[in-house]
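Thanks for coming. I have one structure to go through today, and I will keep to the parts worth looking at on screen.

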Amino acid sequence: MSDEATIHRPAIGAFRWAGVEPQPYKTEGDAPFRAVERHTLFADPALPAHLRYFEIGPGGYSTLERHAHRHSVMILRGRGRCLVGETIFDVAAHDLVSTPPWAWHQFRAAPDEPLGFLCLVDAARDRPQTPSAEELAALRADPTVAAFLER
Ligand code: MN
C-alpha cells in the first residue's frame, strides 16, 4: 500500500448501458431544449410501452411541451425542478412524477448537477405540442412559472 493520499472518484460512464447508444433527444422541429440525451432501454413490439432514460446536463432543460399521452417519470440521479401543469416541483433521486394528459411540462437540471430520469410511455403516442406565443404568454402570467421558464 502506498503512503500517498488517494481518492476514489465515482466511475465515469455510470448511467450508461451496454448495447444502448445515447441518441439525440429530438431530431425534428425547432422546439428549444439544452443538453438532453435519450437512451431507449426497452422498446419491444410485444410490449406496448417504451422505457427511456433521459439525462439533462447541468443547466439544461427538456422541451416545454404537452400531449394527450401520459408519462411516468422516476428520477434516477441528480437534482432539478419540473413544471407540470401550473405547479413547479423540486425533484431528486427516486421521486416519481406523473404528467396528466395535456399538462404543460418541462424538466430542468440544477445548474451544478445533471438530472437523469426514467420515463415510461405508451409505444403508440401522439406527437408533443409546443406552446404558441399566446399559450406561452398565458403560462408566463404566473410569475413563479415565468421565473422557472427564464432560467
Ligand atoms: Mn412529454
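Some ground rules first. This is a predicted model, in which local features need pLDDT of at least 70 and side-chain atom pairs count only at pLDDT 80 or more, while totals for chains, interfaces and linings use all residues. Residues are numbered from 1 along each chain as its sequence is written, and side-chain values use heavy atoms, with hydrogens and water left out.

Start with the metal. Which residues coordinate the manganese ion? They are E65 through OE, and H67, H71 and H105 through NE2, at 2.0 to 2.3 Å. Donors here are N, O and S atoms within 2.8 Å of the metal, or 3.2 Å for Na, K and Ca; water is not among the atoms, so sites may look incomplete. Along the chain the donors are spaced E-x1-H-x3-H-x33-H. Helices (H or I, at least four residues) and strands (E, at least two) are DSSP runs, numbered from the N terminus. H71 is buried at 6% relative accessible area, and H105 is buried at 3%. Buried means under 20% relative accessible area, exposed over 50%, and partly exposed in between, with a 1.4 Å probe and protein chains only.

H105 also turns up in the surroundings of T63. T63 sits in the loop between β3, residues 49–61, and β4. With 2% relative accessibility, T63 counts as buried. Not counting residues up to four places away in sequence, T63 touches Y25, K26, A31, P32, F33, H105, Q106 and T130. Contact means heavy atoms within 4.5 Å.

A68 is also in the loop between β3 and β4, but A68 is partly exposed, at 34%. Leaving aside neighbours within four places in sequence, A68 is in contact with P101, W102 and D126.

Now the helices. In α2, residues 143–150, the buried residues are V145, A146, F148 and L149. They sit on the same side of α2 because they cover an arc of only 160° around the axis, the arc being that of the directions from the helix axis to the C-beta atoms. P143, T144 and E150 are exposed on the other side.

α1 and α2 pack at about 115°, with axes 7 Å apart. Axes are lines fitted to C-alpha atoms, for helices over the stretch in contact, and angles run from 0 to 180 degrees between N-to-C directions. From α1 the contact uses L136, L139 and R140; from α2 it uses P143, V145, A146, L149 and E150.

Last, backbone angles. Most residues other than glycine have a negative phi. A35, in strand β2, residues 34–43, has a positive phi near 60°. A35 is partly exposed, at 44%. H94 has a positive phi too, of about 80°. H94 lies in the loop between β5 (87–92) and β6 (96–99), and is exposed at 57%.

That is the tour.
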